[in-house]
Amino acid sequence: MLFERVFYHPATETLLEYFNPDWTPVPKSEQKIETGHMLEWSWLLDRYGRLTGHDTRTISEHFLSHAMKHGLNEQTGLIYDSLQTSLDINQATHRMWPQTE
């Protein structure tokens, strides 16, 4: 599956966002993890798995777990805009679109 070969980063169990023209990930220093996208992809992968029978449960659950554990501001209940590949907060702001994903 293209998702597993390109977008999924097994070392951090996250979704990569930025790529070179040949679909290789940009250097770690330029990469970031969009918390809202991990929540969106968790839902998408769950639905894909249900429709196709492809086992996506583990990845889907990791995305949801990491987004909530590392990307949720517990004081406000809002999702941070992005994380670093280390899962530390990259952008501590709370734009509207990550909340809706």
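Let me start with lysine 32, which forms a salt bridge with glutamate 34, their closest N and O atoms lying 3.6 Å apart; by salt bridge I mean a side-chain nitrogen of Lys or Arg within 4 Å of a carboxyl oxygen of Asp or Glu. Please keep in mind that this is a predicted model, in which local features need pLDDT of at least 70 and side-chain atom pairs count only at pLDDT 80 or more, while totals for chains, interfaces and linings use all residues. Residues are numbered from 1 along each chain as its sequence is written, and side-chain values use heavy atoms, with hydrogens and water left out.

Both lysine 32 and glutamate 34 are buried, a word I use for under 20% relative accessible area, with exposed meaning over 50% and partly exposed in between, for a 1.4 Å probe and protein chains only. Glutamate 34 also forms a salt bridge with arginine 95, where the closest N and O atoms are 3.8 Å apart. That pair links distant parts of the chain, since glutamate 34 sits in strand 3 (residues 33–34) and arginine 95 in the loop between strand 7 (89–91) and helix 4 (96–100), 61 residues away; helices (H or I, at least four residues) and strands (E, at least two) are DSSP runs, numbered from the N terminus.

Is arginine 95 itself buried or partly exposed? With a relative accessible area of 36%, arginine 95 is partly exposed, whereas glutamate 34 has 5% and is buried. Arginine 95 has a further salt bridge, to aspartate 81, with the closest N and O atoms 3.1 Å apart, and aspartate 81 counts as buried at 0% relative accessibility.

Let me turn to the aromatic rings. Rings of Phe, Tyr and Trp (its six-membered ring) pair if their centres lie within 6.5 Å, and planes under 30 degrees apart count as stacked, over 60 as edge-to-face and the rest as tilted; by this rule there are eight aromatic pairs. Phenylalanine 3 and phenylalanine 63 form an edge-to-face pair, 5.9 Å centre to centre with 75° between the planes. Because phenylalanine 3 lies in helix 1 (residues 2–7) and phenylalanine 63 in helix 3 (residues 57–70), this pair ties together parts that are 60 residues apart in sequence. Phenylalanine 63 is buried, with a relative accessible area of 0%. Ring pairs link Phe3, Phe7, Tyr8, Phe19, Trp23, Trp41 and Phe63 into a cluster.
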